[in-house]
Amino acid sequence: MAEKAGGVRDLEREDLPAVAELFQKTFRGSQPVRPSMIQYLREVLFDHPWYDEEIRSKVFIDKSGGVQGFIGVFPSRLEINGRPIRAAFAGSMMVDRHEQNPLAGARLLRAFLTGPQDISLTETANALALGMWQKLALPLDIAYSLNWLRILRPAGTAVQVAERGLKAARFLRPVASLSDGMIDRMGVKAFRAPPIHGAGRVNFWDASREDFTQAVLKLSELFPLRPQWNRASLDWFMDHAQEKRQFGKPSWRIAESRSGELVGCYVYYGRPRGIGWLLQAVCAPNIAGEMVDDLFAHADAAGCVAIRGAGHPWLTPELISRKTLFYGRAFFVAHAKDKSLLEPIKAGEALISGLAGENWMRLIGDDFD
């Protein structure tokens with residue numbers, strides 16, 4: 001009876017083809033749904049290592065039982081000062097024929113927020129979804145919402161940005177390369193990242209995925225609010241993250257002090273003439289500046305025209321002082337009945353984004369073929 005009346009219910013496996021079709025229609029134009037998309041949704045929504053039967057994605061159905069809306073819900077296991085807490089991230093939210101179902105998005109969001117989790121989060125809310133959170137008196141978190149861009153080659157960056165709206169702009173890449181080369185030969189290097197010369201107090205080196213994984217597990221202990229990763233669960237997230245190749249290949253970097261102490265690590269995607277994308281950076285507070293310098297220099301040497309990332313509050317002061325642009329693109333919002341759970345987030349001391357959030361997923365910034 002509930003389905004005939006329409007409304008919100010938990011996602012079932014048989015809904016996945018309809019959800020995939022809705023996702024393609026909402027975010028990828030009119031491209032046909034590929035079986036790989038349906039299989040991927042099954043993996044991230046039902047085979048998630050922290051799958052929780054009580055914390056499931058939601059669908060909005062019409063009176064005939066058809067799927068007209070969806071909100072992805074991804075359970076997470078966090079701990080705050082050693083105490084485990086249940087968490088959930090709200091991912092992609094979409095509604096078909098919004099004018100016919102003007103309240104569907106709000107109902108989906110409310111269904112998510114009234115779940116049994118201790119803390120509700122999103123790091124990928126767009127402007128429309130953010131408005132729904134704000135109508136519920138849930139403001140964005142500025143520190144984790146500061147998306148940033150560091151331009152290294154201005155003409156190449158302009159072409160890459162133009163390609164997002166006009167694929168034909170890719171034919172301008174040779175012209176952009178020539179223009180940026182002329183700028184360099186003229187001695188105008190205002191955008192280029194200074195190369196790292198000599199040994200400083202921190203040594204950065206190219207690492208393997210295995211090295212990076214071990215480093216993240218260790219360095220996550222710096223944060224009072226962090227994921228309850230073990231090796232198996234982190235490997236699962238890393239497997240998915242490594243499949244994201246739209247932005248290029250991942251580069252894993254590790255930082256050690258002169259005494260050999262592990263003090264930081266980061267991973268970004270990059271390719272020549274592309275805009276690099278920082279997935280995760282974790283470090284001791286006193287080496288944030290060195291990490292930003294190394295990231296920019298490494299991306300520049302790899303031929304990236306720019307490097308961008310989402311909010312990493314522990315890097316923000318150093319990014320600001322290094323010719324970085326900040327903009328609103330994906331917004332971070334957190335809600336908890338127990339407000340003490342939000343204190344590490346407000347202080348910028350929570351590891352809750354990137355691999356610890358939603359951006360490991362191929363649904364965010366990747367294609368399916």
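The structure is a predicted model, and every value below was computed from it.

## Domains and cores

The domain assignment of the chain gives two parts, namely domain 1, which covers residues 7-135, and domain 2, which is made of 146-152 together with 193-327. The centres of domain 1 and domain 2, taken over C-alpha atoms, are separated by 29 Å. Where the two parts meet, 14 residues of domain 1 are in contact with 10 residues of domain 2.

As a general background, nonpolar side chains in soluble globular proteins tend to be buried together. In this model the largest nonpolar core holds 89 residues, and among its members Leu-315 and Ile-345 touch the most others. Helix α3 gives the most to this core, with seven residues. Because domain 1 (7-135) and domain 2 (146-152 + 193-327) both give residues to this core, it lies between them.

The surroundings of Leu-315 can be listed one by one: when residues up to four places away in sequence are not counted, Leu-315 touches Leu-278, Ala-281, Cys-283, Ala-288, Met-291 and Val-292. There is also a second, separate core of 21 residues, which includes Ile-71, Val-73, Met-93 and Leu-113.

Helix α2 runs over residues 16-27 and has 12 residues; from its first C-alpha to its last it reaches 16 Å, which is close to the 16 Å expected at 1.5 Å a residue. Which residues of α2 are buried? They are Leu-16, Val-19, Ala-20, Leu-22, Phe-23 and Gln-24. The elements that cover these buried residues include α3, β2, β3 (67-80) and β4 (83-95).

Asp-15 is placed in the loop between β1 and α2, and with a relative accessibility of 6% Asp-15 counts as buried. Although Asp-15 and Val-59 are 44 residues apart in sequence, their C-alpha atoms are 8.4 Å apart in space. If neighbours within four places in sequence are left aside, Asp-15 is in contact with Arg-9, Asp-10, Val-59 and Val-67.

## Salt bridges

Side chains of opposite charge can pair when their charged atoms come close. The structure holds 23 salt bridges, and the table shows some of them.

| Salt bridge | Closest N and O atoms |
|---|---|
| Arg-56 with Asp-10 | 3.7 Å |
| Glu-221 with Lys-218 | 3.7 Å |
| Glu-318 with Arg-322 | 2.8 Å |

In Glu-318 and Arg-322 the closest N and O atoms are 2.8 Å apart, and Glu-318 counts as partly exposed at 26% relative accessibility. Salt bridges that share partners join Asp-10, Glu-12, Glu-53, Arg-56 and Lys-58 into one network.

Are the two partners buried or exposed? Arg-56 counts as buried, at 11% relative accessibility, while Asp-10 is partly exposed, with a relative accessible area of 26%.

## Cysteines without disulfides

The count of disulfides comes to zero. Cys-283 is in no disulfide, and the nearest cysteine sulfur, that of Cys-265, is 8.9 Å away, whereas a disulfide would need the two sulfur atoms to be within 2.5 Å. Cys-283 counts as buried, at 3% relative accessibility. The sulfur of Cys-304 is 19 Å from the closest cysteine sulfur, which is in Cys-265, and this is too far for a bond. With a relative accessibility of 0%, Cys-304 also counts as buried.

## Two residues with positive phi

Arg-273 has a positive phi of about 65 degrees although it is not a glycine. Arg-273 lies in the loop between β10 (262-270) and β11 (275-283), and at 40% relative accessibility Arg-273 counts as partly exposed.

Lys-323, which is not a glycine either, has a positive phi of about 60 degrees. The place of Lys-323 is in the loop between α12 (316-320) and β13 (325-327), and Lys-323 counts as exposed, with a relative accessibility of 55%.

Terms used. Residues are numbered from 1 along each chain as its sequence is written. This is a predicted model: local features need pLDDT of at least 70, side-chain atom pairs count only at pLDDT 80 or more; totals for chains, interfaces and linings use all residues. Side-chain values use heavy atoms; hydrogens and water are left out. A salt bridge is a side-chain nitrogen of Lys or Arg within 4 Å of a carboxyl oxygen of Asp or Glu. Buried means under 20% relative accessible area, exposed over 50%, partly exposed in between (1.4 Å probe, protein chains only). A nonpolar core is a set of buried Ala, Val, Leu, Ile, Met, Phe, Trp, Tyr and Cys residues joined through side-chain atoms within 4.5 Å. Helices (H or I, at least four residues) and strands (E, at least two) are DSSP runs, numbered from the N terminus. Domain bounds come from an automatic or database domain assignment. Contact means heavy atoms within 4.5 Å. The expected span of a helix is 1.5 Å times one less than its number of residues.
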